[in-house]
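My entries follow the structure.

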Amino acid sequence: MKLPDDWRKVDLGNREYFTILSSGINEFKGDKEYLSTESVQETKIKKIECIITYKDRPSRANMQPILNSVWFAKMQATLKVYLFDEENKEEINKYVLSTGFAGIKVNEKLVLAKYLRLILTSQDFNELKDKLCTGSTQKGINNQAIETISLIIPSPSTQQKIVSILEKAEQAKEIRKEADELTKDFLKAVFMEIFEDPILNNK
């Protein structure tokens, strides 16, 4: 299939577009919150693994979040993706991540971090990631394999349109899910009232 003129097929190893981040963190004072791969579910932080200091931290607490970077769990059959951009940049100095994550910094002039997050949460990407995982016990993808993955990168303006459309769709989905849960809770409460009504129960 021929791509539009302003679309490109780009490997994650292309350093004009992406930087795959190495392990290692900046020395810091005080406490930070450590995010293991268990801390993230899909695209949200669900729990903090522990509070750490620079000197007293688990050996796996060794990945430094930076602006315009997207992180995904390297383990096979896991969907755990987290983004650091302008909207949550205060979190950059709050967290240290596990080496179980792969971090990719985008060249923001060419790639929107939110667009990359959409790609990393897609079924196609995760199926390909799983095929590239290696290991005898807990399989995972390494940086060399990550570099070989090709992505379709439209122009930044088109990326923004795609992100906006899919974010609205996701918001609508969440609103619908919340409405469904509220409806279930309401119906449950109504049935509880009916079946626990002493007048009805004494009939």
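I began with Tyr34, which stands opposite Val96 in strand 10. The model is predicted, so I noted its limits: local features need pLDDT of at least 70, side-chain atom pairs count only at pLDDT 80 or more, and totals for chains, interfaces and linings use all residues. Residues are numbered from 1 along each chain as its sequence is written, and side-chain values use heavy atoms, without hydrogens and water.

I then looked up the two strands: strand 3 (residues 32-35) and strand 10 (residues 95-98) run parallel and are joined by three bridges. Strands and helices are DSSP runs numbered from the N terminus (strands E, at least two residues; helices H or I, at least four), and two strands pair if DSSP finds at least two bridges between them. The open sheet here has four strands in the order 6-3-10-7, with mixed pairing. Strand 6 (50-52) and strand 7 (61-63) are its edge strands, each pairing on one side only.

I next traced an open sheet of four strands with antiparallel pairing, in the order 2-11-8-9. Strand 2 (18-20) and strand 9 (81-84) stand at the edges with a single partner strand each, so one side of each lacks a neighbour in the sheet. Strand 8 (residues 69-73) pairs with strand 9 over four bridges; Trp71 has Tyr82 as its bridge partner there.
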